[in-house]
Amino acid sequence: MSTTGHKTWPKLTSRDEFQFIAEQVLKRSTGDHTLVALHDQHSGTTRFANNQIVQNVDTRRGSLRVTVAFGRRHGTAGTTDFTAGAVQETVTRATQIAHLSPDDPEYLPPVEPQPYLTLPTTRAETAAAGPARRLEYTNEAIGQCRMENLCAAGIVSSSIATVGVAASTGLFAHEERTDARFSLTVQAGEATGWGAAAHRSIDHLRVQERTLTAIDKAKRGLEVREMPPGRYTVILEPAAVAGLWSSLLWTLDAKSYEKGTSAFSGKLGQPIVDKRLTLRNLPAHEDLLGIGFTADGLPTMASDWIVEGVLKQLAYDRFTAKVRGIDQIPTLDAPCLSGSGASLPGLQELIKSTERAILVTNFWYIRTVNPTDLTLTGMTRDGTFLVENGAIVSAVKNFRFHESPLRAFNRIEAFTNQAEAITSETGKFLVPAMTLRDFNFSSVTRF
Amino acid sequence: MPAHPNPNQDELAELALKRVVASGAEYGDVRLLDSTTQTIRGEDRRIASIQDMQDRGFGIRVLYHGAWGFAASSVLSLEEAPRVAELAIEIAKGSASLVIEKVKLADEPVHRDRIVTARRIDPFAVALDKKTALLLETMEYVHRQAGIVRSSASLWARRDRKLFVSTEGSRLEFDLLAVNGDFDATAVHDGRFASRSFNTPHLRMGYELIEDANFLAEAPRIASQAVEKVKAPTTEPGLYDLVLDPEHLSLTMHESCGHPSELDRALGYEANYAGTSFLTTEQRGTFRYGSPHVNLVADNREPETLAATGYDDDGVACQQWDIVRDGIFVGYCTNREVALKIGETRSRGSNRADSWGSVPIVRIANIGLEPGAATLDELLADVKRGIYIEGHGSYSIDQRRYNFQFGGDAFWLIENGKRTYMVRDVIYHGITPEFWGSCDGVADRSHRRRYGFITCGKGQPGQSGWMTHAASHARFRNVNVIEGRSGS
């Protein structure tokens, strides 16, 4: 097999083809407003465990979604069949639903044509990658682990998608998006180490480096000690920071805020985290997975969400934004958390500067315990260590935490420059590693 | 617009399988799936969206020299079928280059069958305005209660028409339905908010599930309990006896018994994502999972349950077997690949994919807690200080399924054998075998209820598993209840 330009990859729906489909939909619709959305994706994942491939999949899925509205009555139908008859039938189904729907007082017509930024959402090397390229990276990760007599489990994936939205208002948007991912769990008996990456470019996954990091963590876990539950100073690696921030960002929706059913109610314009922290959306950043437009066809944009610890922005649906007189709705597709003031270059320097702490590689199964104060719970996973006098001295059994990020991120001791972070439960972030004091570990598990 | 005439599904499957056979592969199968999903979602007294989605495509699985390849496409054409088959073969050959232990499949008889979900009322034939009227009226009833600030209500129905054909000669046709409805109410009080939910179980039946659920009769109770919940006192942390209702137990069983009984997890297949299992293979038959009151049975044959599809996506007939018998761990959920690895000669038939575009993986079966002999009143009567919990709330568990923490949807304090007033912010924590070891009573069959799950996450790329868990109420002694907030 060649490593690029796999011969059997099908052609996805191009801009011209989507324009043609959209014209057909809009011509056939009798609605007052019509919106058509495209998502056509070709993706592949090579999955390995016990040092061999256990799944190796390749899927092409194209889908169209049509929304038709009469006044404030609207209906949506979707199909994966792009034949002329199926597209017509989809328009008919959406029309029938709209006719039978009650008035929706919050319905808004599709947005007018918008200016979009041209963002680096696609990389040719990822678009050209196929099963052979994924196999190459898989072989590299497994090979490193075999040499150390360790056991590898993980994935290498790559995808390309064409995404579009068009409407009877004249709105039209179309872009290609590529995505490549690598994640690896190395098992050394009972001990595990982990590393992961996601990027628009498959060349940027740094498979060897991340494999060596995961191997190092697994090997350090061979001797493990049990620490009692309690409040500890913690060093959170970027993935662990991203896990907590992901839960925080999910709850920023403006409608809940207005109704008093948000942990942030009444806190807009108020400090919610340490004043050294600022959260921005940076869709043009090449190490984030920003997109050009939303499913509504709204342009994404760089925006400030938390500035020097103060909550500046909420996640608005179009109706709530209109009620509040907000013309441009900020998006949160490419979050970047940064610290101001003295920061350390990286994780190693943070460890060296710490007298005693628990180092957390990653969190797992983070869930809300109390939505009123945003208390979360979750487990540490795949590399939890005791740091003393600037060095890792042993692995420790995994802890369950019981903590609100709104409290935890007001107890920052130190932080690093931003780094890329992705977990199996979060989108991609740029975040610093951080040292937090008095982090609440409520119980310990058996490994 | 590209023209892809939908060919006869048998012709497409035959074309694909011919390529697989010609490649020298030892096994192959084709799944064609045509799914229709209708979702009606109400929010705050309005119908926020009505969606009718059709999802069609096919997937081809190839086992070549002991290694898997899989390719799938939503383009249903006679040109696409051989392309996808060739790609699956090529991918399998790539996998074979890294094989250490060749995949072998447990034997299964050839099946030729057609499975149809029994239904009284086709959910897709029920008038849309009747459904939206039900949701709007339900939300109106909810908002009549003072203190309610938000509501939601939804109806969901899915029809899957599937054809499975394998190189071994099996040919299985499916016409499956599943239905669900729910609503909730959110109240605010003194700067806090709390929700109370009502859910029909996800079941394989018709719209009669919704009609029998009687949303309008339940709505005032749910709204009233949401207000009572938000005003309720908190609980003191400490050790409590818990009496858990069947809906709540369905999630506890799912997380702490269902997942660890998946053999692929125990063998390390999910080490990078969903995790492994504390129920390691050498413990089968000897490990004390729970008290002698605990009998957990997998039954993929019980009518109306989600995993009772006649056959799984290996083409293996659905079965019933023990997971835990008299408190001892005795059985796993398996597929044709992993069953042989623990010396079993036949798969348990628990290999399922969530779409045509996904490869089947081992999924939790319909695991249920066998009824005991007590009544609910008898379980409560023997509790001096405890908490009665209904429904689902917060849940989290470690990747080997030892350390868990669960909330619930509603909580009542039990004092001197009686359920008294509601309390809030209850979270209990446990270690799985210790928790199930503390079970000292299960209610009788008259209390048995079933709850279905359709969002069980596993696999990379992620897939949603479907299964049903049934239980009667059960009592657990001296469980650690912790504060449902993080403190200062």
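Where does Ser303(A) lie? Look in strand 10 of chain A, which covers residues 303–307. Before we go further, keep in mind that this is a predicted model.

Let's stay with Ser303(A) for a moment. Its relative accessible area is 10%, and buried means under 20%, so Ser303(A) counts as buried. What does Ser303(A) touch, leaving out residues up to four places away in sequence? The list is Leu279(A), Arg280(A), Asn281(A), Pro330(A) and Thr331(A). Take Asn281(A) from that list: Ser303(A) and Asn281(A) are 22 residues apart along the chain, yet 5.2 Å separates their C-alpha atoms.

Now hop over to chain B and find helix 1, residues 9–22. This helix has 14 residues and reaches 20 Å from its first C-alpha to its last, close to the 20 Å expected at 1.5 Å a residue. Its buried residues are Leu12(B), Ala13(B), Ala16(B), Leu17(B) and Val20(B). These cover an arc of only 125° around the axis, which puts them on the same side of helix 1 of chain B. And what do they pack against? Their partners are strand 1, strand 2, helix 2 (80–96) and strand 5 of chain B. Turn to the face of helix 1 of chain B that points away from the buried side, and you'll find the exposed residues Lys18(B), Val21(B) and Ala22(B).

Which of its residues are buried? They are Leu128(B), Lys131(B), Thr132(B), Leu134(B), Leu135(B), Thr138(B), Met139(B), Val142(B) and His143(B). Look down the axis of helix 3 of chain B and these buried residues fall within an arc of 165°, so they line one face of the helix.

What about the nonpolar cores? The largest one has 64 residues, and the members that touch the most others are Tyr289(B), Leu296(B), Leu369(B) and Tyr428(B). Pick Leu296(B) and set aside residues up to four places away in sequence: among its contacts are Met253(B), Cys257(B), Tyr289(B), Ile323(B), Val324(B) and Leu369(B). There is also a second, separate core of 61 residues, including Val234(A), Ala242(A), Trp305(A) and Phe409(A).

Next, see how the two chains meet. Here 93 residues of chain B are in contact with 98 residues of chain A. The area buried between them is about 7900 Å², and carbon and sulfur atoms give 50% of it. With 11% relative accessibility, Asp52(B) counts as buried. Apart from its neighbours within four places in sequence, Asp52(B) is in contact with Thr76(A), Ala77(A), Gly78(A), Arg93(A) and Ile97(A) from chain A, plus Thr36(B), Thr37(B) and Gln38(B) from chain B.

On to the charged pairs. Side chains of opposite charge can pair when their charged atoms come close. How many salt bridges are there over all chains? The count comes to 78, and the count between chain B and chain A is 10. One salt bridge joins Arg446(A) to Glu434(B), with the closest N and O atoms 2.7 Å apart. This pair crosses between chains, from the segment after strand 18 (429–444) of chain A to helix 9 (residues 432–437) of chain B. Both partners are partly exposed, Arg446(A) at 37% and Glu434(B) at 48%.

Compare that with Asp44(B) and Arg150(B), whose closest N and O atoms are 2.9 Å apart.

Methods: Residues are numbered from 1 along each chain as its sequence is written. Chains are lettered from A and ligands numbered from 1 in the order in which they are written. This is a predicted model: local features need pLDDT of at least 70, side-chain atom pairs count only at pLDDT 80 or more; totals for chains, interfaces and linings use all residues. Side-chain values use heavy atoms; hydrogens and water are left out. Buried means under 20% relative accessible area, exposed over 50%, partly exposed in between (1.4 Å probe, protein chains only). Helices (H or I, at least four residues) and strands (E, at least two) are DSSP runs, numbered from the N terminus. The arc is that of the directions from the helix axis to the C-beta atoms. A nonpolar core is a set of buried Ala, Val, Leu, Ile, Met, Phe, Trp, Tyr and Cys residues joined through side-chain atoms within 4.5 Å. Contact means heavy atoms within 4.5 Å. Buried area is the accessible area (1.4 Å probe) that two parts lose on being put together, summed over both. A salt bridge is a side-chain nitrogen of Lys or Arg within 4 Å of a carboxyl oxygen of Asp or Glu. The expected span of a helix is 1.5 Å times one less than its number of residues.
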